[in-house]
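Below, a few labels used for this structure are each set against the rule behind them.

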Amino acid sequence: MYTSHEDIGYDFEDDPKDKKTLKPHPDIDGGWAWMMVLSSFLVHILIMGSQMALGVLNVEWLEEFHQSRGLTAWVSSLSMGITLIVGPFIGFFINTCGCRWTAIIGGVVNSLGWVLSAYAANVHYLFITFGVTAGFGSGMAYLPAVVMVGRYFQKRRALAQGLSTTGTGFGTFLMTVLLKYLCAEYGWRNAMFIQGAVSLNLCVCGALMRPLSSGTDRNDPGRKDARVHPAQAAEAVKSRGRLGGPEEPDGGPGVEEPCRDLQAQERGEKAGPRKPTRALWVLKAVSQLTVRVKKGFGDWYSGYFGTASLFTNRMFVAFIFWALFAYSSFVIPFIHLPEIVNLYNLSEQNDVFPLTSIIAIVHIFGKVVLGVVADLPCISVWNVFLIANFTLVVSIFLLPLMHTYAGLAVICALIGFSSGYFSLMPVVTEDLVGIEHLASAYGIIICANGISALLGPPFAGWIYDITQKYDFSFYICGLLYMVGILFLLIQPCFRIIEQSRKKYMDSTHV
């Protein structure tokens with residue numbers, strides 16, 4: 001039915017017209033491509049898994065700083081929200097530096113945020129170190145992981161993306177257990193310091209993101225500059241011959257002869273004065289960097305802000321409103337459930353098997369099952385998507401009514417399974433805007449989800465501070481979620497009206 005459910009179109013480094021040139025590459029759909037899946041899987045564990053386990057640290061911060069729940073929840077919300085909100089802007093770094101270096105830098109920044117947060121003196125300090133710094137680093141490492149899987153796979157792209165994104169569920173389970181153990185044994189400050197060291201593995205994941213273009217980017221403006229320094233050109237030619245890139249697969253005389261010529265020119269330059277050569281090299285390097293940055297910014301701007309026509313699509317606008325309300329209902333339980341368990345005196349049972357881990361594990365199966373069902377020829381993906389949303393909003397309404405561990409576990413399982421509709425979001429987005437606008441449209445939807453994740457948990461905390469109950473938090477969020485679903489339901493009406501208008505315009509032209 002759909003051949004690319006997870007192809008969200010984050011191809012920042014390549015022109016879509018050049019995708020066909022990647023087909024003969026030996027790593028497409030095999031070989032190193034599966035290392036990309038492993039790298040993306042680990043990134044999802046380290047980033048999304050850690051963020052979904054922040055409820056453990058939220059309890060520690062409440063006890064340490066004695067601030068309101070609404071204010072304390074901003075720390076986790078900033079980290080989650082910024083990770084998603086900066087997604088479209090990280091495209092500029094990918095266009096300029098490539099996926100590998102963007103992910104490596106993101107791993108360093110994320111680790112720095114965790115380590116600096118271990119020395120926090122108050123909640124406001126955590127806003128900067130953990131919310132902004134760690135969140136921005138997470139965004140820099142997360143997006144390249146999605147991009148590279150899409151670049152390395154064509155025929156098996158849906159399978160590859162599905163396998164890599166299951167790292168979120170596994171990560172939530174593993175990181176919840178890890179953070180609880182570290183906090184109990186070493187305290188939350190040392191736990192964050194250790195987690196910062198663990199997060200450096202994001203740099204390893206980034207190092208695995210080997211470019212397909214064998215050391216040179218097809219869109220690299222330096223390649224189009226006929227005045228490149230001979231030493232740089234020689235190194236590029238050597239790299240292509242050594243790696244067996246698609247441009248020179250045989251590595252024959254076409255590679256060796258230019259290489260010898262360029263080396264001769266290089267030796268000739270070395271024999272002359274060195275200062276002018278170094279100065280010229282610096283000027284050319286700065287010039288090439290400027291061209292690269294300008295081109296990267298141009299591609300990024302045209303990809304996101306050059307698509308104003310998307311907002312004339314009323315169905316897509318309705319989908320954005322849904323995204324603004326929906327994601328918070330999934331994030332709020334992860335942040336506040338550990339505190340709710342303490343209020344209900346269920347800590348001992350929750351320590352044996354945390355409720356957030358139940359959501360994470362069932363979420364894995366939900367993504368797989370809903371994806372398989374939606375792919376059946378006799379079933380509409382929109383119907384599966386809407387039914388899953390209704391199930392999730394009903395679960396949010398029922399959650400405050402449960403005061404036993406068994407009841408909460410059942411509701412958490414429903415939340416985890418129904419939230420598996422996230423795997424269908426690229427398909428629904430493509431159905432609304434078409435494949436040509438999928439990348440920009442999905443970036444906008446991610447931004448909307450980030451805003452929802454940013455505002456949802458603090459809002460729930462503020463409601464608790466006012467009412468001294470979490471019940472009203474879930475009821476209000478459930479009502480807002482219903483509003484978002486209503487926007488989804490009116491989309492078919494918009495579609496019918498639009499089709500009728502087009503038919504009328506066609507008939508008048510005739």
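Q: Which helix of this predicted model holds Leu112?
A: Leu112 lies in helix 5, which covers residues 99–117.

Q: Why is Leu112 called partly exposed?
A: Its relative accessible area is 45%. Partly exposed is the range between buried, under 20%, and exposed, over 50%, so Leu112 at 45% is partly exposed.

Q: What makes the nonpolar surface patch that includes Leu112?
A: The patch is made by Leu112, Leu116, Tyr119, Tyr125 and Phe193, and has an area of about 470 Å². A patch residue must have over 30% relative accessible area, and Leu112 has 45%.

Q: Why is Ser111 counted as buried?
A: Ser111, also in helix 5, has 7% relative accessibility. The limit for buried is under 20%, so Ser111 at 7% counts as buried.

Q: Which residues is Ser111 in contact with, leaving aside neighbours within four places in sequence?
A: They are Gly196, Ala197, Ser199 and Leu200. Contact here requires heavy atoms within 4.5 Å.

Q: Why is Ile85 called partly exposed?
A: Ile85, in helix 3 (residues 69–85), has a relative accessible area of 21%. Buried would require under 20%, so Ile85 at 21% is partly exposed.

Q: What does Ile85 touch, not counting residues up to four places away in sequence?
A: Ile85 touches Cys447, Gly450, Ile451 and Leu454. The C-alpha atoms of Ile85 and Ile445 are separated by 9.5 Å, although the two residues are 360 residues apart along the chain.

Q: How many disulfides does a search of the whole structure find?
A: The search finds zero. For Cys205, the nearest cysteine sulfur is that of Cys203, 9.0 Å away.

Q: Are Cys205 and Cys378 buried or exposed?
A: Cys205 has 3% relative accessibility and so counts as buried, the limit being under 20%. Cys378 has a relative accessible area of 70% and is therefore exposed, the limit being over 50%.

Q: How do you know whether the span of helix 19 agrees with its number of residues?
A: Helix 19 (residues 405–418) has 14 residues, which at 1.5 Å a residue should span 20 Å. The C-alpha atoms at its ends are 20 Å apart, so the two values agree.

Q: Which helices do the buried residues of helix 19 pack against?
A: They pack against helix 15 (314–343), helix 16 (347–352), helix 17 (355–374) and helix 18 (381–398). Among these buried residues are Tyr405, Leu408, Ile411, Cys412 and Ile415.

Notes
Residues are numbered from 1 along each chain as its sequence is written. This is a predicted model: local features need pLDDT of at least 70, side-chain atom pairs count only at pLDDT 80 or more; totals for chains, interfaces and linings use all residues. Side-chain values use heavy atoms; hydrogens and water are left out. A disulfide is a pair of cysteine sulfur atoms within 2.5 Å. Buried means under 20% relative accessible area, exposed over 50%, partly exposed in between (1.4 Å probe, protein chains only). Helices (H or I, at least four residues) and strands (E, at least two) are DSSP runs, numbered from the N terminus. The expected span of a helix is 1.5 Å times one less than its number of residues. Patches are made of residues with over 30% relative accessible area and no salt bridge: like charges are joined within 9 Å, nonpolar side chains (Val, Leu, Ile, Met, Phe, Trp, Tyr) within 5 Å. Accessible areas come from the Shrake-Rupley method with a 1.4 Å probe; for residues, only the protein chains shown count as cover. A salt bridge is a side-chain nitrogen of Lys or Arg within 4 Å of a carboxyl oxygen of Asp or Glu.
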